[in-house]
Amino acid sequence: MKVYTRVKKNAYYDSITLMRMSKELEGMDGVKSPLIGMGTSLNKDLAKHLDVFDETMTDATPNDLMITFMAVSKECADAIFDNLEGLLTSARSTGTGDYEAATLESAMESTQDVNLVLVSVPGQYAGAEAKKALEAEKHVMVFSDNVDLETELELKELATAKGLLMMGPDCGTAIINGTPLGFANAVARGSIGIVGASGTGIQEVSVLIDRYKEGISQAIGTGGRDLKAPIGGLMMRMGLRALIQDDRTEVIVLLSKKPDNIAARSVLELIGTTDKKVVVNFSGCDRALIENYGAIYAHTLEDAARLAVEQCGKEVAVTHADIRTLVEQESHAMRSDQKLLLGLFTGGTLASEAVEIIGDSMKELSTNLVQEHKIGVSDIRTCPGQLIIDLGDDAFTVGRAHPMIDPGIRTSIINHDMGQQVAVLLLDIVFGYGAHPDPVGEMLSALVAAKKRARLQGGYLSVICSICGTDKDPQDYEASRSVLNEIGVIVAESNAQASMIAKELLNRVNQIQLKTKDLFDTDLSVINVGLDIFYQDLIRAHCKAVNVDWRPLAGGDKRMTDLLSRLNR
């Protein structure tokens with residue numbers, strides 16, 4: 001097969017369209033290793049990884065469309081290119097039949113009752129669109145990532161001055177008045193409000209609250225950097241004040257990955273202005289600090305959901321896995337050199353929680369959640385220790401859909417980049433309105449193949465996951481859980497429980513193996529070196545023994561003894 005490539009200059013298509021085109025290409029006969037994407041560094045690296053990189057792609061920019069694949073012949077490739085041209089043209093012209101505005105300004109002029117603008121254009125353009133909406137007195141949610149920090153600060157300062165919500169950038173989830181935005185799940189309405197600097201954190205907590213028979217009043221996303229300097233918690237403070245004033249909200253949950261200390265304190269200070277109960281899960285934040293401000297400390301996202309529901313006066317029965325039994329079952333068939341963890345997460349907060357739970361017992365845990373650790377696809381196989389990756393990080397999403405929308409990058413890693421020493425594959429599976437319609441189905445064949453490879457190599461691969469979703473989501477929760485169980489995947493009740501199972505399993509396979517079983521199960525046989533009285537006692541005890549007539553080496557000369565020891569090595 002030969003590589004065929006076309007680069008279309010200044011031909012921008014959104015990531016969802018590109019994902020659909022890629023699926024069409026994968027289904028065509030005579031094609032191997034297809035890649036359709038904008039000319040970003042990540043997509044060029046993926047092309048090299050798939051062996052479909054062509055020199056014509058070198059100068060492609062993020063505004064240029066790259067199409068590359070292997071085909072059996074030039075005639076086959078030409079037919080594929082023609083087919084794709086038709087599909088791309090159709091994507092440009094297809095509409096719903098409803099009115100579509102040419103610009104944001106004209107849309108706001110034509111729909112006078114609009115009160116929120118949802119922005120999901122590429123990051124370099126998102127700031128300008130969000131600013132237009134704020135200046136027109138509209139609340140804003142910016143789903144887009146890759147927005148620079150200076151722009152985020154400018155937008156949030158403008159929103160704060162106007163009393164508006166500016167959710168994002170990189171705000172993946174919100175629920176306003178029962179309407180799900182971004183990746184939000186189908187959950188019941190109720191009396192618990194959430195403000196989260198963590199999209200999948202909001203999803204995990206809201207899903208568990210729904211599972212515990214309560215509901216969500218409002219869920220306000222802030223974007224993952226809101227509690228970092230220099231943003232300083234601007235939007236979390238705004239969201240908290242909004243929920244304090246909201247009559248429907250009785251209990252409030254605050255969520256964030258590891259916050260800046262000053263920003264965290266500025267948010268916690270507001271808790272004293274309300275009689276409402278506030279549950280706080282700030283990753284890595286001191287429990288005493290949170291409780292000193294009158295909040296209820298939650299160690300995990302699961303704890304946050306449970307505590308919030310209990311503050312509503314309801315009892316919660318949390319189902320816990322039998323970790324000891326699972327560890328015994330999963331570890332017995334592993335090879336002795338299988339010591340490693342590979343965590344592939346689509347949700348940054350879920351990845352962060354896994355790092356916090358597992359990391360305290362793992363000496364060599366690498367993750368791209370730490371700013372100075374830049375980990376790409378090519379680094380995964382060569383990583384010497386335990387590894388947890390947030391595939392939703394900006395570095396993995398430039399010019400391609402978020403992995404919750406397009407699970408392809410995770411599937412590719414499982415198929416091609418997982419080393420033989422991996423003992424545990426830890427995953428999050430996230431449902432929701434904006435997510436892939438069947439993330440389990442997309443990954444299923446890769447998981448089956450990975451477990452089979454481990455068996456053929458004389459070992460066993462333990463796959464552990466949790467499903468962040470409800471039975472009301474567009475994806476089929478029960479069917480997904482059932483099919484995962486059928487192929488031997490452990491499906492935990494929460495991300496925290498999945499991480500705990502993985503931690504205990506890793507502790508088992510990494511502990512020094514005791515060799516006492518053979519000693520205790522067989523007759524004792526001893527070589528005695530030194531005191532003759534010990535040899536005589538062994539004989540009297542009817543123990544098999546050999547005595548060594550020991551004498552100092554070289555007549556006790558230390559220099560000669562050291563020299564002889566080196567010669568004998």
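A salt bridge is a side-chain nitrogen of Lys or Arg within 4 Å of a carboxyl oxygen of Asp or Glu. The model is predicted: local features need pLDDT of at least 70, side-chain atom pairs count only at pLDDT 80 or more, and totals for chains, interfaces and linings use all residues. Residues are numbered from 1 along each chain as its sequence is written, and side-chain values use heavy atoms, without hydrogens and water.

**Exercise 1. Describe the interface of domain 2 and domain 3.**

Step 1. Count contacts (heavy atoms within 4.5 Å). On the domain 2 side 25 residues take part, against 29 residues of domain 3.

Step 2. Find the area. About 2100 Å² is buried between domain 2 and domain 3, with 54% from carbon and sulfur atoms. Buried area is the accessible area (1.4 Å probe) that two parts lose on being put together, summed over both. Phe183, Ala186 and Thr200 supply 30% of what domain 2 buries against domain 3, more than any other three residues.

**Exercise 2. Find the salt bridges between domain 2 and domain 3, and the elements on the domain 2 side.**

Step 1. Count the salt bridges. There are two between domain 2 and domain 3.

Step 2. Look at aspartate 210 and lysine 472. Their side chains meet in a salt bridge, 2.9 Å from N to O.

Step 3. Assign elements. Helices (H or I, at least four residues) and strands (E, at least two) are DSSP runs, numbered from the N terminus. β8 (179–182), α7 (199–211) and α11 (301–311) each supply at least two residues of the domain 2 side that touches domain 3. α7 gives the most, with nine residues.

**Exercise 3. Explain what the salt bridge of glutamate 85 and lysine 8 ties together.**

Step 1. Check the distance. The closest N and O atoms of glutamate 85 and lysine 8 are 3.0 Å apart.

Step 2. Glutamate 85 lies in helix α3 (residues 74–93) and lysine 8 in strand β1 (residues 2–8), so the pair joins parts 77 residues apart in sequence.

Step 3. Classify exposure. Buried means under 20% relative accessible area, exposed over 50%, partly exposed in between (1.4 Å probe, protein chains only). Glutamate 85, at 28% relative accessibility, is partly exposed. Lysine 8, at 24%, is partly exposed.
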